[in-house]
Amino acid sequence: MLGPADIRELAAVLGVRPTKQRGQNFVIDANTVRRIVRTAGVRPDDVVVEVGPGLGSLTLALLEAADRVVAVEIDDALAGALPATIAARMPGRADRFTLVHSDAMQVHELPGPPPTALVANLPYNIAVPVLLTMLERFPTIERTLVMVQAEVADRLAAKPGNKVYGVPSVKANWYAEVKRAGSIGRNVFWPAPNVDSGLVSLVRRTEPIRTTATKAEVFAVVDAAFAQRRKTLRAALSGWAGSAPAAEAALVAAGISPQARGEALTVEEFARIAEAKA
């Protein structure tokens with residue numbers, strides 16, 4: 001595993017300076033990465049995709065536990081160095097590692113067997129879109145554990161009625177059962193971020209949400225409902241439906257009070273509204 005001195009030495013050799021633009025905060029604590037792998041429930045037969053491996057702290061821990069690891073890295077210097085780090089630190093498992101040098105948002109297929117798990121320390125600024133994109137594009141991912149900013153973790157795992165429940169909560173729940181899986185302090189990172197981090201576990205639904213509406217149709221309702229979250233759904237969905245009376249008709253048909261607000265609805269209820277309009 002990579003310790004604080006190893007991380008700083010690797011960064012110095014590569015001339016890498018963590019950037020806020022890419023949300024780079026490297027994990028420097030071996031116990032933390034092993035805890036992440038353990039919490040993720042990584043199995044010996046898993047094919048794990050990791051987004052943003054950085055200098056390889058979590059990658060090495062994943063290789064200890066999984067059958068294969070596919071790492072997606074956008075940074076040129078980090079992508080160039082990671083295979084050598086794996087080969088030097090874990091030569092017996094190097095053939096089980098594959099690097100994809102790309103922006104995760106642009107990846108539509110991965111080499112090798114289909115991934116069964118996603119485990120990643122996601123940059124704070126793109127955590128939600130990357131997570132949702134990976135879940136959409138790779139339906140074979142059964143289990144996910146991501147480390148994100150604590151505030152983002154709270155939003156992803158929030159339930160209806162919670163004040164931070166919103167678009168990320170509903171959309172993540174479309175794909176999976178979501179829950180908080182722990183907290184991570186600031187001192188395990190270099191450089192130390194100004195915020196705490198949290199672990200979020202997502203277990204893909206064995207059966208998709210039962211609805212005749214498409215995902216795009218349901219997500220359009222969700223986006224509209226939370227764009228003006230303080231308004232009643234009758235008002236918030238008026239643009240989506242074409243008028244306030246049309247929104248009310250769709251809500252009534254779906255069995256939802258027009259005076260309710262988006263923060264009170266489950267993903268299944270949003271799906272019913274999408275169905276009612278269709």
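A helix axis here is a line fitted to C-alpha atoms over the stretch in contact, and an angle between two axes runs from 0 to 180 degrees between N-to-C directions. Helices (H or I, at least four residues) and strands (E, at least two) are DSSP runs, numbered from the N terminus.

The structure is a predicted model, in which local features need pLDDT of at least 70, side-chain atom pairs count only at pLDDT 80 or more, and totals for chains, interfaces and linings use all residues. Residues are numbered from 1 along each chain as its sequence is written, and side-chain values use heavy atoms, with hydrogens and water left out.

The protein has twelve helices and nine strands. Its radius of gyration, taken over C-alpha atoms, is 21 Å, close to the 19 Å that the globule rule (2.2 Å times the number of residues to the power 0.38) gives for 278 residues, so the protein is as compact as a globular protein of that length. The C-alpha trace spans about 65 × 40 × 30 Å along its principal axes. Of the 278 residues, 50% count as buried; buried means under 20% relative accessible area, exposed over 50%, and partly exposed in between, with a 1.4 Å probe and protein chains only. Contact means heavy atoms within 4.5 Å. Among contacts between residues at least 6 apart in sequence, 70% join residues at least 24 apart.

Helix H5 (residues 127-137) is mostly covered, with eight of its eleven residues buried. These are Ala127, Val128, Val130, Leu131, Leu132, Thr133, Met134 and Leu135. What covers them includes strands S2 (47-51), S5 (117-121), S6 and S9 (197-204), together with helices H6 (150-157) and H7 (167-175).

How do H5 and H7 pack, and at what angle? Their axes are 10 Å apart and the angle is about 20 degrees. That makes H5 roughly parallel to H7, because angles under 35 degrees count as roughly parallel, over 145 as roughly antiparallel, 65 to 115 as roughly perpendicular and the rest as oblique. Val128, Leu132, Leu135 and Glu136 of H5 meet Pro168, Lys171, Ala172 and Tyr175 of H7. By class, this contact has six nonpolar, no polar and two charged residues; Ala, Val, Leu, Ile, Met, Phe, Trp, Tyr, Cys and Pro count as nonpolar, Asp, Glu, Lys and Arg as charged, and the others, Gly among them, as polar.

Ala250, Leu251 and Ala253 of H11 make the contact with Ile273, Ala276 and Lys277 of H12. This contact of H11 with H12 has five nonpolar, no polar and one charged residues.

Helix H3 (residues 57-65) is also mostly covered, with seven of its nine residues buried: Ser57, Leu58, Thr59, Leu60, Ala61, Leu62 and Leu63.

Gln149 is found in strand S6 (residues 143-149) and counts as buried at 18% relative accessibility. Leaving aside neighbours within four places in sequence, Gln149 is in contact with Tyr124, Val195, Asp196, Ser197 and Gly198. His101 lies in strand S4 (residues 97-101) and, at 45% relative accessibility, counts as partly exposed. With neighbours within four places set aside, His101 is in contact with Glu73, Ile74, Asp75, Asp76 and Ala79. His101 and Leu131 are 30 residues apart in sequence and 18 Å apart in space, C-alpha to C-alpha.
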